[in-house]
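Here is my note on the model, point by point. Please read it with the structure open.

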Amino acid sequence: EHESLKGKMAATGGEPSSQNTTDELFQNFISEVKQIEKRDSVLTSKQQIDRLLRPGASYFNLNPFEVLQIDPDATDDELKKRFRALSILVHPDKNQGDPERAQKSFEAVDKAYKLLLDPEQKKRALDVIHAGQEYVEHMVKEKKKQLKKEGKLLDVEEDDSEVFKQAVYKQTMKLFAELEIKRKEREAKEMHERKRAREEEIEVAEKAKREREWQKNFEETRDGRVDSWRNFQAKGKKSKEKKNRTFLKPPKVKMEQRE
């Protein structure tokens, strides 16, 4: 993978620019992906289903290019052809002996295809792939910088094309997974906030309802309370008058006893 890069360096008599290095390494990476696609394109229906549902598939399948095994630079026509071929392989009608797993595989393929048809989502996926490669390139530079500082040969395992490809692949998958975890955390937070806001709305509505019911009951029983108060005042007045009359009654005159 790096032989062409070294050749370029020898021809120019110096270090290639950072942008040229990045572009060439990325193109080499894509070329290797294409070779893998050729190898995997002959997978049977069962092998494709097993691939799409392998342990960790919920994270592996976040990369739509990985799901469809297609070059990130593929045209829309190439994308459609690849989708058509792969969807036929994993379609439940073609895998009646394993319809449930086939359906899940088909859904994964369909989801990846629709995602890549959306320019904005496709760009985000490509950004993740580029970021994964740039991270590995940076890591390799840092390793070589440390080796140079220690006076050692500038040989790292990523100089091997297969090791480099695997490092980029792992880092890319890691980035997709981290983004998905953050998305789920953000979604959970938003859901919690919506739930809390809804609970507050319900609480406010119930409080207003209680206040309306209290006001309604207060108005409906007002006449009864007024009558009761009047009756209470009337009884109190009568009782007071009766008490006053008893107080004003003249005392009894005692009869004098005769001697």
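**Notes on the helix packing**

1. Start with the pair α6 and α7. The axes of helix α6 (residues 76–90) and helix α7 (residues 99–117) come within 9 Å and cross at roughly 170°. That makes α6 roughly antiparallel to α7, a label for angles over 145 degrees. Axes are lines fitted to C-alpha atoms, for helices over the stretch in contact, and angles run from 0 to 180 degrees between N-to-C directions. Helices are DSSP runs (H or I, at least four residues), numbered from the N terminus.

2. A word on the basis. This is a predicted model, in which local features need pLDDT of at least 70 and side-chain atom pairs count only at pLDDT 80 or more, while totals for chains, interfaces and linings use all residues. Residues are numbered from 1 along each chain as its sequence is written, and side-chain values use heavy atoms, with hydrogens and water left out.

3. Which residues of α6 and α7 make the contact? From α6 come Leu79, Lys80, Phe83, Leu86, Ser87 and Val90. From α7 come Ala102, Ser105, Phe106, Val109, Asp110, Tyr113, Leu116 and Leu117. Contact means heavy atoms within 4.5 Å. By class, the α6 and α7 residues here are ten nonpolar, two polar and two charged. Ala, Val, Leu, Ile, Met, Phe, Trp, Tyr, Cys and Pro count as nonpolar, Asp, Glu, Lys and Arg as charged, and the others, Gly among them, as polar.

4. Next, the aromatic rings. Rings of Phe, Tyr and Trp (its six-membered ring) pair if their centres lie within 6.5 Å. By this rule there is one aromatic pair. The ring centres of Phe83 and Tyr113 are 4.0 Å apart and their planes are at 5°, so the pair is stacked (planes under 30 degrees apart). Phe83 belongs to helix α6 and Tyr113 to helix α7, so the pair ties together parts that are 30 residues apart in sequence. Both Phe83 and Tyr113 are buried, meaning under 20% relative accessible area with a 1.4 Å probe, protein chains only.

5. Helix α3 also meets α6. The axes of α3 (residues 45–52) and α6 come within 8 Å and cross at roughly 100°. α3 and α6 are therefore roughly perpendicular to each other, the term for 65 to 115 degrees. Ser45, Gln48, Ile49, Arg51 and Leu52 of α3 touch Arg82, Leu86, Leu89 and Val90 of α6. This α3 and α6 contact has five nonpolar, two polar and two charged residues.

6. Is Ser105 buried or exposed? At 0% relative accessibility, Ser105 counts as buried. Ser105 is in helix α7. Leaving out residues up to four places away in sequence, Ser105 touches Ile49, Leu52, Leu53 and Val90.

7. Two loop residues deserve a look. Gln69 sits in the loop between α5 (64–68) and α6. Gln69 has a positive phi of about 50° although it is not a glycine. Most residues other than glycine have a negative phi. Gln69 counts as buried, at 9% relative accessibility. Asp155 is in the loop between α8 (119–149) and α9 (161–220). At 56% relative accessibility, Asp155 counts as exposed (over 50%).

8. Finally, the whole chain. The chain has ten helices and zero strands. Buried residues make up 30% of its 259 residues. Of the contacts with a separation of 6 or more, 64% join residues 24 or more positions apart.

Terms used: Angles under 35 degrees count as roughly parallel, over 145 as roughly antiparallel, 65 to 115 as roughly perpendicular and the rest as oblique. Rings of Phe, Tyr and Trp (its six-membered ring) pair if their centres lie within 6.5 Å; planes under 30 degrees apart count as stacked, over 60 as edge-to-face and the rest as tilted.
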